[in-house]
Amino acid sequence: MSQIETNILPQMSEIWERSLDWQPSKTQEQLFQQVYQEILQGNRQQNLTRITTPEDFWEKHLWDSLSGIVGLEEKLLTQQLQLIDIGTGAGFPGIPLAIAFPQWQVTLLDSTRKKITFVNNLIAKLQLQNATGIVARAEALGRVPGDRANYDLALVRAVSKAAVCAEYSLPFVRQGGLAILYRGHWSDEDTASLKSAVAKLGGKIELIHPWETPLSKGVRHCIYIRKHSATPKEYPRAVGIPDQQPL
Ligand code: SAM
């Protein structure tokens, strides 16, 4: 048996249930396992992730991706939502969410063509009908009619500073929808500075959910930002500016 075939993800039914009030079906578990194997395989060709042991992969990619749903109203989970994952890299958090919520339509955005080639191959291998990868910069696609103000949820994990992630994500969100920022450590000062950035973009911080990851007890915070009015047309600023001069 090859090295890859011996890497089996742990079953964590009780933790899924306790932390997220959700459990994968057998089919979803098999799809998670397939994602894991494809990532290990893809890592041989390009640097997709350093998180490769079964427990780490389960916690830091699968559980962590799904942890963003905890602040959502339960009825949203069964609705047909449009979701965009900005700076998806190898497909996180978008791919686990597309598997967990097949009724959601998931767009996976990254500016690196090689990453999106991997993601689109992964989508084809998993036969996911509800996910598509797109190569673009968030600052550019966020201005395109049809994508701007088109999504119920815009998610950003491990891409840049919080204010930058807000400028990337809020233009994509329809009024009434949510941007969800996946963060590590978080302080009151972080909240204060994000508040002023978010106000300029037509949003308001609705909830900050502190988390501890279930196996290694890492610190996480999910920041939920509600879009209450249209994002002014000057945002997002030109490519590169949000990152150079965060709001
Ligand atoms: N979200 C993934 C995760 O949590 O595993 C990947 C994180 S990776 C550290 C950051 C990704 O964001 C990279 O793949 C990069 O190409 C992408 N990225 C950075 N700035 C971007 C932008 N302005 N528009 C689109 N993608 C961007």
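**Figure 1. Pro 93 and the loop between strand S1 and helix H4.** Pro 93 lies in the loop that separates S1 from H4. Helices (H or I, at least four residues) and strands (E, at least two) are DSSP runs, numbered from the N terminus. The model is predicted, so that local features need pLDDT of at least 70 and side-chain atom pairs count only at pLDDT 80 or more, while totals for chains, interfaces and linings use all residues. Residues are numbered from 1 along each chain as its sequence is written, and side-chain values use heavy atoms, with hydrogens and water left out. The peptide bond joining Phe 92 and Pro 93 is cis, with omega about 10 degrees. Most residues other than glycine have a negative phi, and most peptide bonds are trans. Thr 88 is in the loop between S1 (82-86) and H4 (94-100). It counts as buried because its relative accessibility is 3%; buried means under 20% relative accessible area, exposed over 50%, and partly exposed in between (1.4 Å probe, protein chains only). Leaving aside neighbours within four places in sequence, Thr 88 is in contact with Gly 94, Leu 108, Leu 109, Asp 110, Ile 116 and Val 119, where contact means heavy atoms within 4.5 Å.

**Figure 2. Strands S1 and S2, with Asp 110.** S1 and S2 pair in the parallel sense over 5 bridges; two strands pair if DSSP finds at least two bridges between them. Ile 86 stands opposite Leu 109 in S2. Of the 5 residues of S1, 4 are buried. Asp 110 belongs to S2 (residues 105-110) and is buried, because its relative accessible area is 9%. Apart from neighbours within four places in sequence, the contacts of Asp 110 include Gly 87, Thr 88, Gly 89, Lys 115 and Ile 116. Its side chain reaches the backbone nitrogen of Thr 112 at 2.9 Å. A polar contact is a pair of N or O atoms within 3.5 Å; within protein, one must be able to donate a hydrogen and the other to accept it, and residues adjacent in sequence count only if both atoms are side-chain atoms. Val 35 is 75 residues from Asp 110 along the chain, and their C-alpha atoms are separated by 18 Å.

**Figure 3. The ligand and its surroundings.** The ligand is surrounded by 16 residues, of which the closest are Gly 87, Phe 92, Asp 110, Glu 139 and Arg 157; a residue is near a molecule or strand if one of its heavy atoms lies within 4 Å of it. An oxygen atom of the ligand lies 3.0 Å from a polar side-chain atom of Thr 112. A backbone N or O atom of Ala 138 is 2.9 Å from a nitrogen atom of the ligand. For Tyr 168, an N or O atom in the side chain is 3.3 Å from a nitrogen atom of the ligand. The ligand exposes 600 Å² when taken alone, and the protein buries 79% of that. Accessible areas come from the Shrake-Rupley method with a 1.4 Å probe; for residues, only the protein chains shown count as cover.

**Figure 4. Strand S7 and its partners S5 and S6.** S5 (residues 173-183) and S7 (residues 219-227) run antiparallel and are joined by 6 bridges. Tyr 182 stands opposite Cys 222 in S7. S6 (residues 203-212) also runs antiparallel to S7, with 9 bridges between them. Lys 204 stands opposite Arg 226 in S7. The hairpin of S6 and S7 has 6 residues between the strands, and there Lys 217 takes a positive phi near 60 degrees. A cis peptide bond, with omega about -5 degrees, joins Tyr 235 and Pro 236. Pro 236 is in the loop between S7 and helix H9 (241-244).

**Figure 5. Helix H8 and what covers it.** The 13 residues of H8 (residues 188-200) should span 18 Å at 1.5 Å a residue, and the end C-alpha atoms are 19 Å apart, which agrees. The expected span is 1.5 Å times one less than the number of residues. Thr 191, Leu 194, Ala 197 and Val 198 of H8 are buried. Their cover includes helix H7 (162-169), S5, S6 and S7. Just after H8, Gly 202 takes a positive phi of about 90 degrees.

Figure 6. Asp 21 is not a glycine, yet its phi is positive, at about 55 degrees. It is in the loop between helix H1 (13-20) and helix H2 (26-42) and counts as exposed, because its relative accessibility is 58%. Gln 127, also not a glycine, has a positive phi of about 55 degrees. Gln 127 is in the loop between helix H5 (113-126) and strand S3 (131-135), and at 63% relative accessibility it counts as exposed. Gln 127 and Leu 31 are 96 residues apart in sequence and 9.7 Å apart in space, C-alpha to C-alpha.
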